[in-house]
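This briefing goes through one protein chain, topic by topic. Look at the sequence and the model first, then read the points below.

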Amino acid sequence: MYVKCRRFNRGEHEIAENVIFPETSSDSAISTIRIFFLIKNISNTIIESYRPAKEKIDVMRPYAWLHEEEVQKDGILKKVNTIFLTNRECPFKCTMCDLWRHTLDKPTPRGAIPAQIEFAHQQLPYAPVVKLYNSGNFFDGKAIPKSDYNSIAYLLRGYNHVIVENHPKLTGPFIDEFRLSLNSTFEIAMGLETIHPEVLPALNKQVTKEDFLNASEFLIKKGIDVRAFILLNPPFLLDENENIEWCIKSAEYAFDCGVTACTIIPVREGNGIMEKLRESGQFIPPRFKAIESTFDRILQLNKGRVFCDTWDLEKFSTCVNCFDERKNRLIKMNVEQRILPRIVCTC
Ligand code: SF4
Ligand SMILES: [Zn+2]
């Protein structure tokens with residue numbers, strides 16, 4: 001007697017075959033086999049085949065900008081300008097990523113990134129900290145041309161601290177070329193995502209937890225701060241408690257690597273394949289309650305700053321009565337870096 005795994009496919013791109021599991025397999029064994037099967041099948045081609053169209057973008061404009069506040073490593077709450085740069089798409093194609101929606105297919109032309117920063121500065125007030133988030137990797141030369149480094153550094157001369165995002169594998173001595181042109185401290189945000197041994201490879205990020213450790217050690221030795229993005233409910237991990245525990249374990253690992261901050265990213269749909277994975281039972285978004293528990297418990301570790309991404313949080317809520325209060329609690333916890341009393345509701 002056998003039980004069948006779910007199947008979904010689209011044309012010739014099969015995500016999971018009708019895998020036959022022995023009836024005696026436990027739920028967790030089936031889950032492991034299913035993950036193993038998907039690891040072998042997830043590919044750039046499959047991921048791209050489910051994508052909806054990209055947004056219309058202008059290479060001379062950032063696609064978004066924000067003025068917000070964030071506690072820095074010295075414990076002081078500071079104003080932060082975040083500029084979401086428009087540039088060539090990230091060459092990695094992670095299963096859960098939707099950042100490609102605001103990217104170019106071709107290499108970013110020289111001069112476009114400085115023009116975008118200048119434009120953002122005309123819209124934003126003063127802040128001592130800037131985040132240049134480019135939907136990919138700052139040290140990907142096709143996204144951020146090296147020939148623009150000096151102009152970018154010149155435009156950032158008014159900031160005390162500069163934060164960019166980058167893939168752990170794009171770490172090397174070339175980072176100094178940019179860092180040394182800054183007159184501020186420097187920080188790199190990297191996606192560790194999860195340290196779950198079967199799920200991390202299935203995210204198609206082409207990274208291991210050892211790559212993250214090596215990159216962190218390299219950067220920290222050079223006096224560069226590191227922060228980590230950690231996923232809550234990555235695809236292929238379905239049990240709520242397991243998701244919470246792996247998110248906490250991943251944050252602990254990141255702190256042990258020397259990061260000064262971890263940002264929890266509750267995983268959501270929106271890139272095509274994630275919708276399909278949800279339909280096929282391979283992805284379950286976190287419940288609001290799970291986001292709250294995870295944030296509380298990682299803060300309790302007391303190992304560094306912990307932030308929870310509050311973007312699109314309504315996607316995880318099922319109750320209109322308590323949503324605003326619960327969202328505000330998380331926002332306040334981001335700012336205060338302490339656990340606040342839970343919001344009571346009958347839901
Ligand atoms: S490395 Fe980052 S930007 Fe690139 S696909 Fe993965 S999550 Fe998206
Ligand atoms: Zn409620």
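Asn 302 sits in the loop that runs between helix H10 (288-301) and strand E12 (305-308). Helices (H or I, at least four residues) and strands (E, at least two) are DSSP runs, numbered from the N terminus. The model is predicted: local features need pLDDT of at least 70, side-chain atom pairs count only at pLDDT 80 or more, and totals for chains, interfaces and linings use all residues. Residues are numbered from 1 along each chain as its sequence is written, while chains are lettered from A and ligands numbered from 1 in the order in which they are written.

**Two loop residues**
- Asn 302 has a positive phi of about 60° although it is not a glycine.
- Asn 302 counts as exposed because it has 9 C-beta neighbours inside 10 Å.
- Asp 312 is in the loop between E12 and helix H11 (323-336), and this residue, also not a glycine, has a positive phi of about 60°.
- Asp 312 counts as exposed because it has 11 C-beta neighbours inside 10 Å.
- A residue is buried if 20 or more other C-beta atoms lie within 10 Å of its own, exposed if 12 or fewer, and partly exposed in between, with C-beta atoms placed from the backbone.
- Most residues other than glycine have a negative phi.

**Confidence**
- The chain has a mean pLDDT (the predictor's confidence in each residue, from 0 to 100) of 90, and 88% of its residues reach 70 or more.
- Over residues 1-25 the pLDDT is below 50, and this stretch has 48 contacts in the model beyond near neighbours in sequence.
- Two residues are in contact if their C-beta atoms, placed from the backbone, lie within 7 Å.

**Overall build**
- The chain contains 11 helices and 12 strands.
- Of its 347 residues, 39% count as buried.

- Leaving out residues up to four places away in sequence, Cys 262 touches residues including Arg 227, Ile 230, Ala 254 and Val 306.
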